[in-house]
Amino acid sequence: MTTLRFPLSRIEGHARVEMEVQDGEVVSAQFQAIEMRGFRYFVQGTPAEQMPVIVPRICGVCSTAHHVASVKALENALEVEPPKLANEIRELLLLGQLIQNQATSLFIFTMPDRVGASSIFHMEDSEANPEQQLSLAQRALKVRQIGTKLITLAGGQFIHPVKAIIGGVTSGIKAEDAKQMLKELQDTITTACELFDEYWDMSLAMKERIGTWGDDEPACYIASTGVNRPEFNSSVIRVLGPNGNEKATFPPESFRDFLDYQTTDYSFAGKSSFEGMVLRANSLARMNLTRSMGTPCADYYLERLTTEFGKPAHPILLFDLCRGIELVYAFERAIEMLSEDLDYEDTSVPYSLRDGEGYGLVEAPRGPLIHHYTIENGLIADAEFIIPTVHNMGAIERALKVAGERYITPQGINLELEKAVGRVVRAFDPCIACATQ
C-alpha cells in the first residue's frame, strides 16, 4: 500500500489530503482537517450577552455569519423578534460578506488554477502576460474591497462586526453614508461582471485542457436559501434530492432529525449525510435550490448556467461559476437595498435575559450555519456550532477519489494529480477554522 500526501494552499485554515493506493487503484481518499479550534469549550461559562462579539473570532473570513447567527440564537432563546429594519441591515451585512468571500474564492484562490499559476500575484509562469496579470490583480482586489466596505457600513467594523445586538441592530444607515456606498457599488459592478466573464472563459478553456468538470455524479444539496430568490438571513433549511425533488424542509432546531453526523479518527472535522447519501452545501446547492436570483444580471448568468449544464447541475467545478453568479447578485441586491431608506424606524426592541435554549440560522457563503446555545444563570452552559463545511466533507472525499482514479493507473501517476487535488478541494471552498469546534 502506498500513501500519497498532498499539502493544501489557497484554502481557509489548515488541511491536507491523503490517498492510499494499491496496485494502481485508489483504495481511499481522505480530507484531513489538522487543526483544532474548540470554541465550543472556550465559550462555556461566558456571559450569554457577550457571545455576538466573541464568536466572530472563530474565523476572520466567516466572522459576519457567526455574528448574525449568534444574535439570532440568543433572540430565539429569549423569544425576541427584531424590527423589520434590523433584519434588512443584517441582510445587507451578509451581502457584504458574500461579496468579500466570493471575490476571494474566485479571484485569489481559484483563478490561478485556470491559468496554471500558483498565485494571481505571481503568474510569471502562466499564460497571462504581465499587463494582464497586473490588471487582474488590481481589479480583483478592487471588487473584494467593496465587500469589506459594505461589512464596515452595515456591521460597524470589518472582520469582527459589532452592529447586530440582541433585539436588533445598534443603528440604521444614514442617507449620506448609504449614498456614498451606493456610488461605489455602481462604479464597481461593471468591473465585477467583466472579471466574472473572464473567469467563465478561463474555466471553459481549463475544461478543454483537462477534459473534465470534476466529479459529476448526482448528490443531495442542502441550503437555507429561498425558493424563488436567494435568502441569507434565513429561517429554514432545505434539502434537494439527486433528481431535483425537494426532500425535506426543517427549522434549525430539527437538524438532528434529518441529518446524520459521524466523526472520524483522521480529522478534527466530522461529516454529515442525508439518508445515507452524499450532501453538498455552498453556491452550487443554492443555485440548484433557487428558481431565480431576482436581479437582472445575476439572472442572465443563472440562465446561461442552466442552459449549458441543466438543473440540478452536478459537476463540482460549477461551484466556482455559481460563486460568480452570487457575486454579481450581491452587488445588485445591495444597490437595490441602499436605494431605499434604511434609517426609518427604531432599530431594536427591549429584552430580558433569562435561561433557555436557542437556535440561530444564517446562510453563510459556505452553506447553512447553525448556532445552538444553552443558557443557565445568564451564562453559556453549552454551545454547538453546526458548520456548513461539515456538510461537504463526504462530497470532497468522493470527488478526490474520482480525481485519483482519473490520474492514477497501474502504469503510474499522472503529474496532473497534484493540481487536480487542489482544484477539487478549492471548488468546495472549505473553511477548516470554522469546521473544527
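How much space lies in the largest pocket? In this predicted model, the largest pocket holds about 530 Å³ of space. Its lining is made up of 25 residues, of which Arg40, Tyr261, Gly270, Phe385 and Val390 are the closest to the pocket centre. Two or more lining residues come from each of helix H1 (39–42), helix H7 (255–258), strand E9 (260–262), strand E14 (379–386), helix H11 (388–407) and helix H13 (432–435). Strand E14 contributes the most, with three residues. By class, 13 residues of the pocket lining are nonpolar, eight are polar and four are charged.

The structure contains three cavities of 30 Å³ or more, and the volume of the largest cavity is about 70 Å³. This cavity is lined by Cys62, His66, Ala364, Pro365, Arg366, Leu369, Ile387, Pro388, Thr389, Cys431 and Cys434. The lining of the largest cavity comprises eight nonpolar, two polar and one charged residues.

Helix H12 spans residues 416–428. Its 13 residues reach 19 Å from the first C-alpha to the last, close to the 18 Å expected at 1.5 Å a residue. The helix is mostly covered, with eleven of its 13 residues buried. The buried residues of H12 are Glu416, Leu417, Ala420, Val421, Gly422, Arg423, Val424, Val425, Arg426, Ala427 and Phe428. Just after H12, Asp429 adopts a positive phi of about 50 degrees.

Technical notes. Residues are numbered from 1 along each chain as its sequence is written. This is a predicted model: local features need pLDDT of at least 70, side-chain atom pairs count only at pLDDT 80 or more; totals for chains, interfaces and linings use all residues. Side-chain values use heavy atoms; hydrogens and water are left out. On a 1 Å grid over the protein atoms alone, a cavity is a set of points where a 1.4 Å probe fits but cannot get out, and a pocket is an open set with protein on both sides within 12 Å along at least five of seven lines; lining residues have an atom within 4 Å of a point. Grid points are joined across faces, edges and corners, and a volume is the space filled by probe spheres set on the points. Ala, Val, Leu, Ile, Met, Phe, Trp, Tyr, Cys and Pro count as nonpolar, Asp, Glu, Lys and Arg as charged, and the others, Gly among them, as polar. Helices (H or I, at least four residues) and strands (E, at least two) are DSSP runs, numbered from the N terminus. The expected span of a helix is 1.5 Å times one less than its number of residues. Buried means under 20% relative accessible area, exposed over 50%, partly exposed in between (1.4 Å probe, protein chains only).
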